[in-house]
Amino acid sequence: MSLIPSFFGNRRSNVFDPFSLDIWDPFQGFPFSTAVANRPSSARETTAIANARIDWKETPEAHVFKVDVPGLKKEEVKVEVEDGSILQISGDRSKEQEEKNDKWHRVERSSGKFLRRFRLPENAKLDQVKAAMENGVLTVTVPKEEVKKPEVKAIDISG
């Protein structure tokens with residue numbers, strides 16, 4: 001954990017991580033609350049979903065990505081592998097329809113699109129990627145190829 005405060009929001013991805021290809025928003029985390037509050041409600045869509053939280057762990061067998069996508073159906077989320085090495089996870093949460101007789105007291109749930117991209121290591125088996133969704137968590141499993149240990153052959157020394 002860094003002792004230096006982050007001016008770029010509360011992102012888990014590391015700027016120096018070569019595998020993370022997050023789209024950086026230079027204005028994320030700045031206090032524009034007065035400007036946002038004066039905009040019409042149709043323009044005030046919250047975009048926290050744009051920062052869908054993802055955990056990436058590596059096991060001896062696979063790379064496992066867990067994505068928090070509460071309230072989304074599997075049809076609203078897309079998992080793709082592009083350019084042979086980039087895992088792309090995207091989705092869209094539609095804004096709830098406003099009825100004439102509705103009186104909103106608070107709107108905190110986010111709506112909008114999100115897109116996260118990760119460069120996969122060379123040992124990823126891209127033809128065997130699997131994705132499953134349960135209780136608002138998308139789990140993407142990318143199996144790894146076995147790393148072949150170099151064969152060592154002992155040579156007898158004569159003499």
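Four strands form an open sheet in the order 1-2-7-6, and their pairing is antiparallel, where strands are DSSP runs of E with at least two residues, numbered from the N terminus, and two strands pair if DSSP finds at least two bridges between them. Strand 1 (54-58) and strand 6 (130-134) stand at the edges of this sheet, and because each has a single partner strand, one side of each is left without a neighbour in the sheet. From one strand to the next, the twist averages 15°, with axes taken as lines fitted to C-alpha atoms and angles running from 0 to 180 degrees between N-to-C directions.

This is a predicted model, in which local features need pLDDT of at least 70 and side-chain atom pairs count only at pLDDT 80 or more, while totals for chains, interfaces and linings use all residues. Residues are numbered from 1 along each chain as its sequence is written, and side-chain values use heavy atoms, with hydrogens and water left out.

Strand 2 (residues 62-68) takes part in two of the pairings described here, as the table sets out.

| Pair | Sense | Bridges | One facing pair |
|---|---|---|---|
| Strand 1 and strand 2 | antiparallel | five bridges | I54 and V67 |
| Strand 2 and strand 7 | antiparallel | seven bridges | D68 and V137 |

A hairpin joins strand 1 to strand 2 through three residues, and E58 stands opposite H63 in strand 2. Five of the seven residues of strand 2 are buried, so this strand is largely enclosed by the rest of the structure; buried means under 20% relative accessible area, exposed over 50%, and partly exposed in between, with a 1.4 Å probe and protein chains only.

The largest nonpolar core has 16 residues, of which F65, V67, I89, L138 and V140 touch the most other members; such a core is a set of buried Ala, Val, Leu, Ile, Met, Phe, Trp, Tyr and Cys residues joined through side-chain atoms within 4.5 Å. The elements that give two or more residues to this core are strand 2, strand 4, strand 5 (112-119) and strand 7 (137-143), and strand 7 gives the most, with three residues. Leaving aside its neighbours within four places in sequence, V67 is in contact (heavy atoms within 4.5 Å) with A52, R53, I54, I89, G136, V137 and L138.

S90 lies in strand 4 (residues 86-93) and is buried, with a relative accessible area of 11%. Apart from neighbours within four places in sequence, S90 is in contact with E76, V77, K78, F114 and L115.
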